[in-house]
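Here are a few friendly notes to read alongside the model.

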Amino acid sequence: MIGIPFTAVAQQLSPPEQRIVQLINQARIAQGLGPLALTTELSASAKEHAQDMVTKSYMEHTAPDGSTPQSRAIKNGYAAPNRSAWLVLEVISARQTAEAAANWLLSDRLHRGVLLRDYWREMGAAYIEGGPYGQFWVVEFGCRPNVLPVVAEPTSSGGVTLRLSNEECTPTGTSDTIGKATEVMISDKPDFDGAVWEPFATTKAVNKSGNVWVRYRDRAGKEVTASTGGQAGSGVIVTAATAATATLNMASPPPPPANADALPDPKSDPGLFAPKPSFIFQPAAKP
């Protein structure tokens with residue numbers, strides 16, 4: 001299984017889809033959580049469901065054919081086994097802009113809890129115009145076995161800061177999947193020549209801006225490899241690059257609103273486009 005660079009994945013998304021991905025990652029980083037790598041499988045699943053809701057005029061996580069976020073993700077190639085701790089969850093908004101959608105999701109207690117869940121590692125997004133409310137945003141979040149993405153952010157000194165994910169969905173691992181990593185090996189060479197194992201940390205500074213390879217190892221000795229550049233390694237390759245967080249505004253996500261327990265479920269919310277508490281993201285300036 002080989003991932004492709006975030007920038008290449010992002011190019012397959014429309015500008016509104018890219019924007020909501022950026023806003024969600026910004027909100028996660030501001031809360032001390034890791035950014036999520038974008039995957040074509042989850043984006044394809046999200047787009048399939050958004051189009052179905054537009055075509056059939058409904059707004060539900062379970063489609064009329066009985067499919068669920070997890071079953072649709074599996075159908076689109078995302079290997080998160082059913083009835084396991086590897087999960088796929090989904091959020092939906094019908095707000096008119098990426099900023100309005102992100103703000104609503106972050107100000108609703110239930111949806112905020114999905115966006116800011118600490119064990120997610122990957123996401124996919126879709127935006128489709130049409131349907132009963134004019135548009136739908138669908139964002140899917142997931143974790144799958146043996147996939148530990150690496151996100152690289154540029155530094156002013158010309159290096160990168162690596163944000164490392166870890167196996168939090170099934171931290172004990174299984175007979176053939178890695179558990180929670182306790183050590184990492186970082187190298188600018190795919191064969192890790194000269195690299196040494198060091199304790200796991202969520203961020204690592206690297207003084208070079210080229211491709212970086214990361215090998216994870218858990219207490220049982222199981223290993224997987226990830227890369228910031230999509231080059232093949234000895235394990236699973238999942239990639240993400242600087243576009244995930246480097247171009248965002250500096251707004252911070254809101255704290256949970258004081259009346260969080262009283263916020264309605266979106267399905268029963270009659271004021272679908274009414275302002276919600278704690279809106280913080282502003283529309284991006286037009287060129």
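1. Let's start with a trio: salt bridges join Glu 41, Glu 122 and Arg 144 into a network. A salt bridge here is a side-chain nitrogen of Lys or Arg within 4 Å of a carboxyl oxygen of Asp or Glu. By this rule the count comes to 14 salt bridges.

2. A word on the basis: this is a predicted model, where local features need pLDDT of at least 70, side-chain atom pairs count only at pLDDT 80 or more, and totals for chains, interfaces and linings use all residues. Residues are numbered from 1 along each chain as its sequence is written, and side-chain values use heavy atoms, with hydrogens and water left out.

3. Next, look at Glu 99 and Arg 19, whose closest N and O atoms are 2.8 Å apart in a salt bridge. Glu 99 belongs to helix H5 (residues 98-107) and Arg 19 to helix H2, so the pair ties together parts 80 residues apart in sequence. Helices (H or I, at least four residues) and strands (E, at least two) are DSSP runs, numbered from the N terminus. Both Glu 99 and Arg 19 are buried, meaning under 20% relative accessible area, with exposed over 50% and partly exposed in between (1.4 Å probe, protein chains only).

4. Arg 217 and Glu 183 form a salt bridge (3.0 Å, N to O). Arg 217 sits in strand S10 (residues 213-218) and Glu 183 in strand S7 (residues 181-187), so parts 34 residues apart in sequence are tied together. Glu 183 is partly exposed, at 26% relative accessibility.
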